[in-house]
Amino acid sequence: MEEFLKSKISEIEKELDRYTKVKNNRQAEIYDAMRYSVMAGGKRLRPVIMLLSCEMCGGADKDVMPFACALEMIHTYSLIHDDLPAMDNDDLRRGKPTNHVVYGEGMAILAGDALLNTAMELAMSAEVSPEIKVKAAAALFAASGTEGMIGGQVIDIKNSPMSAEELENLHLLKTGALIRAAGKVGAIVGGASDAEIGAIDMYCKSLGIAFQIQDDILDVKGSEAELG
């Protein structure tokens with residue numbers, strides 16, 4: 001299983017590398033800033049889930065890969081913006097200086113914006129039927145919007161006391177929405193039925209909560225050397 005997952009991650013890394021080549025033009029720094037964060041490592045959890053969900057439903061990696069890379073770009077842009085002084089004000093991400101520390105706040109904001117825009121371009125480039133493309137892209141970008149990831153970030157940045165139910169809702173939006181999108185989009189591209197998509201969505205909903213609980217524990221108990 002470990003070797004299988006490594007092979008999937010390797011596929012994703014190869015495509016992300018291809019999609020983030022630095023261009024030799026006047027705005028070259030933006031490509032460098034985008035690439036710096038996209039290729040900084042990470043578990044690639046979300047795109048792996050998307051590939052596996054698609055495969056489980058009878059689809060092929062090549063069909064869903066643009067959506068998988070788009071999802072990882074959306075996730076990366078959220079981390080770049082999360083690290084900014086106006087939000088979490090973090091200096092380290094995955095053991096490396098955060099984007100704004102290296103490139104400045106203005107360029108970091110633009111790098112995040114550019115990754116979101118490139119994610120849309122990638123999703124629209126997928127070689128699947130127009131119906132599947134629209135359905136998959138709608139699910140992906142809804143999950144990253146105000147009723148998904150951004151909505152969760154809004155709640156989080158207010159930093160007000162929360163009940164257990166409110167905290168669970170925060171996790172479902174800020175972290176869980178993109179994990180659910182990974183499973184859902186993979187299933188859509190794989191040709192799953194509505195019932196199958198619903199079942200995968202419910203599984204990924206629970207997975208997102210579990211992931212965030214573990215992440216919160218590591219924030220308290222983990223060391224900077226281990227977590228970066």
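Biologist: What are the ground rules?

Modeller: This is a predicted model, where local features need pLDDT of at least 70, side-chain atom pairs count only at pLDDT 80 or more, and totals for chains, interfaces and linings use all residues. Residues are numbered from 1 along each chain as its sequence is written, and side-chain values use heavy atoms, with hydrogens and water left out.

Biologist: Why does Arg44 count as buried?

Modeller: Buried means under 20% relative accessible area, exposed means over 50%, and partly exposed is in between (1.4 Å probe, protein chains only). Arg44 has 1% relative accessibility, so Arg44 counts as buried.

Biologist: What is said about phi of Arg44?

Modeller: Phi of Arg44 is near 55°, a positive value in a residue other than glycine. Most residues other than glycine have a negative phi. Arg44 sits in the loop between helix 2 (28–38) and helix 3. Phi of Arg94 is also near 55°. Arg94 lies in the loop between strand 1 (92–93) and strand 2 (96–97).

Biologist: What makes a run a helix or a strand?

Modeller: Both are DSSP runs, numbered from the N terminus: helices (H or I) need at least four residues, strands (E) at least two.

Biologist: Which residues is Met107 in contact with, leaving aside its neighbours within four places in sequence?

Modeller: Glu29, Ile30 and Ala33. Contact means heavy atoms within 4.5 Å. Met107 itself is in helix 6 (residues 105–125).

Biologist: What makes a space a cavity and not a pocket?

Modeller: On a 1 Å grid over the protein atoms alone, a cavity is a set of points where a 1.4 Å probe fits but cannot get out. A pocket is an open set with protein on both sides within 12 Å along at least five of seven lines. Lining residues have an atom within 4 Å of a point. The count comes to 1 cavity of 30 Å³ or more.

Biologist: What is the volume of the largest cavity?

Modeller: About 100 Å³. A volume is the space filled by probe spheres set on the points, which are joined across faces, edges and corners. Of the 13 lining residues, the closest to the centre are Ser37, Ile80, Asp83, Arg93 and Asn99. Helix 4 gives the largest share of this lining, 3 residues.
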